[in-house]
Amino acid sequence: MAIAASIKRWGALAEYCLADEKNSLRIPASMPDTEAVGFMVVYKTAYAALAIRTSIQPGETLLVLGAAGSTGGATVLLGKALGARIIAVAGSAERLAFCREIGADHGVNHKDGAITERVKELTDGRGVNVVFDPVGGELARQAMQSMARHGRFGFAGNASGEWVLINVLDALLRIIR
């Protein structure tokens, strides 16, 4: 009986359900359900990383790892809306073309080798102000090496299977250089 009550109360197999308005989000009629499903997660993640954690400012340069993925794509769009210059990182020419279509100013294919030098070229040696990282691992380490003085790093995941390891000495030197 407890299981049946639990299913009645918390079940999700239904065409309609009751929801508290404060925990709901109105979706425009023009937005298909398939887009609305992921909207909250990816845009909330992008917003938290850009507006709250890293406080990105208009005119700053944003490096987006996994830029052709759902959260990365949302970050490209939101970063552009916030006035950032976007460098998208993805793993193919097709994915980078998509990133440019949605607003990226530049694209770097991480399968062409380490991204650090290419990012430094695109920023005239200054590095990026903000990194958005849903990937982790070696790519995130390279992104960290691409940061400008006083750069900020928005950790958002570890799609590579490992979190980025922070070199504390490098982080300290990056602040005082």
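A residue is called buried when its relative accessible area is under 20%, exposed when that area is over 50%, and partly exposed in between, using a 1.4 Å probe and protein chains only. The structure described here is a predicted model, in which local features need pLDDT of at least 70 and side-chain atom pairs count only at pLDDT 80 or more, while totals for chains, interfaces and linings use all residues. Residues are numbered from 1 along each chain as its sequence is written, and side-chain values use heavy atoms, with hydrogens and water left out.

Helices (H or I, at least four residues) and strands (E, at least two) are DSSP runs numbered from the N terminus. T61 counts as buried because its relative accessibility is 6%. Leaving aside residues up to four places away in sequence, T61 touches R85, I87, T123, V128, N129 and V130, where contact means heavy atoms within 4.5 Å.

Five strands form an open sheet in the order 3-2-1-4-5, and their pairing is parallel; two strands pair if DSSP finds at least two bridges between them. Strand 3 (106-109) and strand 5 (147-155) are at the edges with a single partner strand each, so one side of each has no neighbour in the sheet. From one strand to the next, the twist averages 20 degrees. Strand 2 (residues 85-90) pairs with strand 3 in the parallel sense over four bridges, and I87 is found opposite H106 of strand 3.

Helices pack against this sheet. Helix 4 (residues 93-101) touches strand 2 and strand 3, and its direction makes about 160 degrees with that of strand 3. Such angles run from 0 to 180 degrees between N-to-C directions, with axes taken as lines fitted to C-alpha atoms, for helices over the stretch in contact. Helix 2 (residues 33-53) lies across strand 1 (61-64), strand 4 (128-133) and strand 5, and runs at about 150 degrees to strand 4.

Buried residues in helix 3 are T71, G72, G73, A74, T75, V76, L78 and G79. Their cover includes helix 2, strand 1, strand 2, helix 4 and strand 4. Just after helix 3, G83 takes a positive phi of about 90 degrees.

How do two packed helices get described? The angle between their axes and the distance between the axes are used. For helix 2 and helix 3, the axes come within 8 Å and cross at roughly 55 degrees. That makes helix 2 oblique to helix 3, since angles under 35 degrees count as roughly parallel, over 145 as roughly antiparallel, 65 to 115 as roughly perpendicular and the rest as oblique. At this meeting, V42, Y43, T45, A46, Y47 and L50 of helix 2 contact S70, T71, A74, T75, L77, L78 and G79 of helix 3.

Two loop residues complete the picture. S55, in the loop between helix 2 and strand 1, has a positive phi of about 50 degrees although it is not a glycine. S55 counts as partly exposed, at 37% relative accessibility. D124, in the loop between helix 5 (116-122) and strand 4, also is not a glycine and has a positive phi of about 50 degrees. D124 is exposed, with a relative accessible area of 65%.
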